[in-house]
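Work through the exercises below with the sequence and the 3D view side by side. Try each task before you read its solution.

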Amino acid sequence: MLPERIRDRQAPTEPCTAVAAALPGVVDGSIRLDRADRRHVEQCLRCQAELAQYRKLLRAMQALRTSTAPVPTGLVTDVLAHLEAAGERSAVRAALTGRKVAYLGGIAAATAAAGAGAAIVLVSRGRKGRLPLAG
Amino acid sequence: MRFADPSTALVDDLVDAARTGDHVAFEELVRRTYADTYTLARRLVSDEEDARDVVQEAYLRAYRSIGRFRGDAQFSTWLYRITANCASTHLGRRRRHRHDELDEEVDVPDTSPDHDPAAMATASLLRDRLEVAIADLPPRLRAVVVLRDIYDLNHAQIAEELGITESAAKVRLHRARRRLRTQVFPLRGEEPLDHEVEDQAHAS
């Protein structure tokens with residue numbers, strides 16, 4: 001009969017299946033095994049090997065951070081042209097908005113000026129009319 | 001702020017200048033980061049043309065919102081989040097357009113070594129095998145494992161950019177790691193998981 005540790009390595013047992021479901025989280029500490037499962041891993045070569053493979057996977061994934069895919073020709077030029085076009089569109093929008101504000105401001109100023117002028121005329125006429133009485 | 005030579009400026013200084021509307025500074029940030037941004041986009045959408053679109057959209061969004069970048073994270077992390085969000089939007093739009101189920105039945109070219117002799121030759125290195133295995137993942141699993149394990153975004157950030165809950169992000173991460181581990185680091189005598197059966201079991 002095979003020793004338990006070797007047997008475990010060859011054929012996953014029921015505890016192996018339960019622990020295996022947790023190992024992808026155990027590897028980065030986001031899942032903590034309970035005492036029974038920890039004891040199982042300590043005695044089970046198969047689960048230890050699987051956990052080691054997850055550690056290798058994580059290291060390999062982290063190593064990908066520094067590798068870059070071959071960038072298609074002209075990508076940066078396209079991106080900058082896209083941004084420039086967007087910048088121009090927003091500049092045109094800003095200019096149009098500015099003109100609209102100026103136009104409305106002009107109308108408002110003209111209206112105010114006309115109103116003020118009319119008020120002055122009315123006031124001066126009223127004064128002229130009252131002068132004889134004042135004397 | 002104006003730079004005599006933007007190519008020698010520090011990233012933080014370029015970011016500060018770009019936040020105040022310095023277009024030259026933003027263009028320099030694009031030049032410094034586009035390869036990284038494209039690589040992330042390529043890993044998330046697994047298609048060169050789609051990745052180009054995602055990169056363009058990401059920089060446009062970054063350009064429009066850099067004034068609101070508070071600087072409490074690294075610029076690169078901020079850009080990764082925007083790129084992830086654009087990729088998620090792009091995949092969602094494509095899924096609606098094509099009326100198919102990209103979540104699980106993704107139409108990714110089969111570049112696994114078993115099916116492609118050319119890939120078999122180039123996949124001799126671990127990195128290549130891993131990139132192929134990542135590309136073979138369904139997009140929703142791929143996005144989470146790429147953002148967490150390669151780009152080190154936390155679950156909250158990933159959940160926010162992909163429009164999912166944090167618990168969903170964790171479940172997807174574990175499933176993705178399990179698939180990658182069985183593909184790239186199989187145990188002796190271990191058969192690759194029957195992912196279709198596994199997915200159906202999870203879906204039910």
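**Exercise 1. State how many helices and strands chain A has, and what share of chain A is buried.**

Step 1. Count the elements. Chain A has five helices and zero strands. Helices (H or I, at least four residues) and strands (E, at least two) are DSSP runs, numbered from the N terminus. From that end, the order is α-α-α-α-α.

Step 2. Check burial. Chain A has 135 residues, and 13% of them count as buried. A residue is buried if 20 or more other C-beta atoms lie within 10 Å of its own, exposed if 12 or fewer, and partly exposed in between; the C-beta atoms are placed from the backbone.

Step 3. Look at the contacts. Two residues are in contact if their C-beta atoms, placed from the backbone, lie within 7 Å. Take the contacts in chain A between residues at least 6 apart in sequence: 63% join residues at least 24 apart.

A note on the model: it is predicted, so local features need pLDDT of at least 70 and side-chain atom pairs count only at pLDDT 80 or more, while totals for chains, interfaces and linings use all residues. Residues are numbered from 1 along each chain as its sequence is written, and chains are lettered from A and ligands numbered from 1 in the order in which they are written.

**Exercise 2. Do the count for chain B.**

Step 1. Chain B comes to 10 helices and zero strands.

Step 2. Of its 204 residues, 41% are buried.

Step 3. Among contacts in chain B between residues at least 6 apart in sequence, 56% link residues at least 24 apart.

**Exercise 3. Describe the side of chain B that touches chain A.**

Step 1. Size the contact. It takes 32 residues of chain B and 30 residues of chain A.

Step 2. Find the elements. Those of chain B that give two or more residues are helix H2 (23-45), helix H3 (48-65), helix H6 (126-136), helix H7 (139-150) and helix H9 (166-184). H2(B) gives the most, with 10 residues.

Step 3. Sort by class. This side of chain B has 16 nonpolar, four polar and 12 charged residues. Ala, Val, Leu, Ile, Met, Phe, Trp, Tyr, Cys and Pro count as nonpolar, Asp, Glu, Lys and Arg as charged, and the others, Gly among them, as polar.

**Exercise 4. Find the domains of chain B and what joins them.**

Step 1. Chain B splits into domain 1 (1-99) and domain 2 (109-204). Such bounds come from an automatic or database domain assignment.

Step 2. The contact takes 12 residues from domain 1 of chain B and 13 residues from domain 2 of chain B.

Step 3. On the domain 1 side, H2 and helix H4 (75-98) of chain B each give two or more residues. H4(B) supplies the largest share, eight residues.

Step 4. That domain 1 side has six nonpolar, four polar and two charged residues.

**Exercise 5. Work out how H7(B) and H9(B) pack.**

Step 1. The angle is about 90°, and the axes are 8 Å apart. Axes are lines fitted to C-alpha atoms, for helices over the stretch in contact, and angles run from 0 to 180 degrees between N-to-C directions.

Step 2. The two helices are therefore roughly perpendicular (65 to 115 degrees).

Step 3. The contact includes Arg140(B) and Leu141(B) of H7(B), and Ala169(B) and Arg172(B) of H9(B). Its residues divide into seven nonpolar, no polar and seven charged.

Note on methods. Parallel < 35°, antiparallel > 145°, perpendicular 65-115°, else oblique.
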